[in-house]
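I opened my notebook to look up how the chains are built and how they meet. Here is what I wrote down as I went.

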Amino acid sequence: MPNRPIRDKIKPMEQRAPTLRKVAWLWFAISVAVLVVGFRQAIFLVPTDAAQGDVGRIFYYHVPIAMWSLLFPYLNFAASLAYLYWRKRNPLRALSADAFALASAEVAVVYTSITLITGSIWGRAAWGIWWAWDARLTSLLLLWLLYVSYLMLRRFSSTGQTQTLAAVLSVFAAVDVPIVYMSIRWWRTQHPAPVFFGGPDAGMDPSMLPAFFWNIAGWGLWGIFILLFRFALERRRQIADQEAALQAIEASLEIPR
Amino acid sequence: MKPFLQYTGHVLNHLRKDLRLEWRSRDAINGMLFFALLVVVVFGLAFDPAGYPTTTRQISGGILWVALLFASITALNQSWARELRNQVLEAQRMAPSPASALFLGKAIANMSFVLVVEAVLAPIFIVFFNLHALGDIWLLAVILPLGTWALVVNGTFFAALGLRARNRELLLPLLLLPISLPALLAMVQATTGVLTGDLDPIQINTWIKQLIGYDIIFTTICILFFETILNAE
């Protein structure tokens, strides 16, 4: 049949990548397993903190998630630059870069939100206040605001332009983050110095390390899993959009008999 | 030298056009001025500035900038909405002059409108808040233009970016505020430092330098990306 519709050539995602699905399930299982080990280490095995008591255990969630929450904005920035580069040269590849940018921005917002919430609970227990306008807290809050505004723009802007405008805003946000960091550090500081490379008092007791590293690994695996899951979902949405557009074009080309 | 002169010529043409438009209607300046005045009055009623001179000095830098920020947001959307009527913007996109010249002309025009508002508002503000600055008041002549440019250059860019969005009036502050927060911090801190006289001159200098850096960086990337967002389809 010479006039076979093009959309029949686009197979559904399940048929196209059976191996990918298996890898995804495996990845999901491994990250859950690592998180379970991390939970057991942090809640049951690590000795209780002498100064803070059991509240100190929130450290094993707050710090690893905070560390990963700083990674996803970089991924978003890189994907946005890739989108702007491919926008005219290779529009189909640009679309997948855009899906990746969207997924990483969403995961960045989720991880930053969890960091802010766990930090706030911990701050209430350790400092006696829910929030302090200290350098690290404020700069993380501003990071969160920047990526929420990125998602807002994606929601509000008109359909044809969303990807380009969002990519440009992502560049602005990425330029803004170091400026925010420097200006706020110059402004004030109360949060403890970084745990590693933070000066002579930095570093932690060896008994804390296993729980800490299991949780870093677990939340990293989990973050990358939800990032790729969201990416696959957005790709499907894009492909569905393309198919719908194709169908509309084909319908308009149909010759009446 | 010749391309530079040509580019400056384009910028000046756009600037002249925007100034003439504003001169004929005076919508932006009147609107901004009255809006900023209202914000100042509302804060004046809320804080009783004449009764507590020390507190007033500490908070009035923030109030002044908040008033100017909100006032300029109301005008920035209008400055691009003008171009939508009669498909003027489409004509601009087809014009042989570089897109960034259009942007720079518009940004400079908006900057001069806000500066007019500041020139009128500053004496009223001083009278209403019973202000007596303890620091070097002339530093404000540096801080005000630098801070205004930081707000206006990004504001003009994001107003153009959100021009075709579903509700652009809401979108502009949502985008502009998070990006401007470091600049706002710098200008409020510097202004408060001048008003209270508490801040070391070296610290005020550092805030001013940060503002200069912010202005240079964001002016550059606005110019670089304006063509992309103007032709975003």
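I took helices (H or I, at least four residues) and strands (E, at least two) as DSSP runs, numbered from the N terminus. With that, I read the elements of chain B from the N terminus on as α-α-α-α-α-α-α-α, which is 8 helices and 0 strands.

I noted that this is a predicted model, where local features need pLDDT of at least 70 and side-chain atom pairs count only at pLDDT 80 or more, while totals for chains, interfaces and linings use all residues. Residues are numbered from 1 along each chain as its sequence is written, and chains are lettered from A and ligands numbered from 1 in the order in which they are written.

Next I looked up chain A, and found 8 helices and 0 strands there.

I then checked burial, calling a residue buried if 20 or more other C-beta atoms, placed from the backbone, lie within 10 Å of its own. In chain B, 43% of the 233 residues are buried; in chain A, 30% of the 257 residues are.

Last came the contact, where two residues count if their C-beta atoms, placed from the backbone, lie within 7 Å. I listed 25 residues from chain A and 24 residues from chain B. On the chain A side, helix H6 (135-156) and helix H7 (162-187) each supply at least two residues, and H7(A) gives the largest share, 13 residues.

Technical notes
A residue is buried if 20 or more other C-beta atoms lie within 10 Å of its own, exposed if 12 or fewer, and partly exposed in between; C-beta atoms are placed from the backbone.
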